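The following paragraphs lead the reader through a chain and its fold. Please keep the sequence and the model in view while reading.

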Amino acid sequence: MTDEKTRPCPSCDGLMRRGVQEETVTFQGESLTYLQPGWHCENGDDGVLEGTDNEYADAALHEVMARAKHSPISPLMVRAAREAVGVSQRQAGKVFGGGPTAFYKYETAKAVPSEGMANLLRMALENPEYFIKPARSGLNWPTAQDAQLLRRVVTDNKLGAILRRIYPQTADADERVVG
Ligand SMILES: [Zn+2]
């Protein structure tokens, strides 16, 4: 009969228990205390991590590394934005720009995204559908969607007058009749 929740500690005579324990990770003056799942010894010596336990340790380390590097956005938030859009790290480098390895580097704090990229990723979290829809761009611009957007956003000003004459589809229906 085995109790899966305890095991002998490899470094002392104590028992280890499976559970969650506060750990603090430090990098270049930044530190973060988080809840680390794993095997923890009753005598308080080092714990043992196995399987997905390491993902928590890695995530915590990447967060403090990004803070130390003054990243404008958390690596976990970068990942959340990418997953909201539903793309791989490699694909994200195309969807958001930055190239095939950019997101691997952002999410592991090997590189820090620009302020502009951080803003784009926050936008993706709020409106992932903007980035999921294929071919909002293309050579056939302005698309019906673009024209609608311009009608809504560009009000009566110089740019609006130019747009309505270059692209009549950006004008309201009644304005179009006047010619
Ligand atoms: Zn021990």
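Does Ala109 count as buried or exposed? With 22 C-beta neighbours inside 10 Å, Ala109 counts as buried. A residue is termed buried if 20 or more other C-beta atoms lie within 10 Å of its own, exposed if 12 or fewer, and partly exposed in between, with C-beta atoms placed from the backbone.

The model is a predicted one, in which local features need pLDDT of at least 70 and side-chain atom pairs count only at pLDDT 80 or more, while totals for chains, interfaces and linings use all residues. Residues are numbered from 1 along each chain as its sequence is written.

The chain contains nine helices and three strands; helices (H or I, at least four residues) and strands (E, at least two) are DSSP runs numbered from the N terminus. In sequence order the pattern is β-β-β-α-α-α-α-α-α-α-α-α. The chain is more spread out than a compact globule, because its radius of gyration is 26 Å, well over the 16 Å that the globule rule gives for 179 residues. That radius is taken over C-alpha atoms, and the rule is 2.2 Å times the number of residues to the power 0.38. The C-alpha trace spans about 90 × 40 × 25 Å along its principal axes, and 20% of the 179 residues count as buried.

Three domains divide the chain: domain 1 (6-68), domain 2 (75-132) and domain 3 (144-178). Their bounds come from an automatic or database domain assignment. The C-alpha centres of domain 2 and domain 3 are 32 Å apart.

The strands come next. Strand E1 (residues 6-8) runs antiparallel to strand E2 (residues 15-27), and three bridges join them; strands are said to pair if DSSP finds at least two bridges between them. Pro8 has Leu15 in E2 as its bridge partner, and six residues lie between E1 and E2 in the hairpin that they form. E2 also pairs with strand E3 (residues 30-41), in the antiparallel sense and over twelve bridges. Here Gly19 is bridged to Gly38 in E3. The hairpin of E2 and E3 has two residues between the strands, and Gln28 takes a positive phi near 45° there.

Leaving aside neighbours within four places in sequence, Ala81 is in contact with Leu121, Ala124 and Leu125, where contact requires C-beta atoms, placed from the backbone, to lie within 7 Å.

Some backbone details remain. Most residues other than glycine have a negative phi, and most peptide bonds are trans. Ala109, in the loop between H4 and H5, has a positive phi near 60°. His70, in the loop between helix H1 (53-68) and H2, likewise has a positive phi, near 55°. His70 is exposed, with 8 other C-beta atoms within 10 Å. Finally, the peptide bond from Trp141 to Pro142 is cis, with omega near -5°, and Pro142 is found in the loop between helix H6 (129-132) and helix H7 (144-153).

Note on methods
Two residues are in contact if their C-beta atoms, placed from the backbone, lie within 7 Å.
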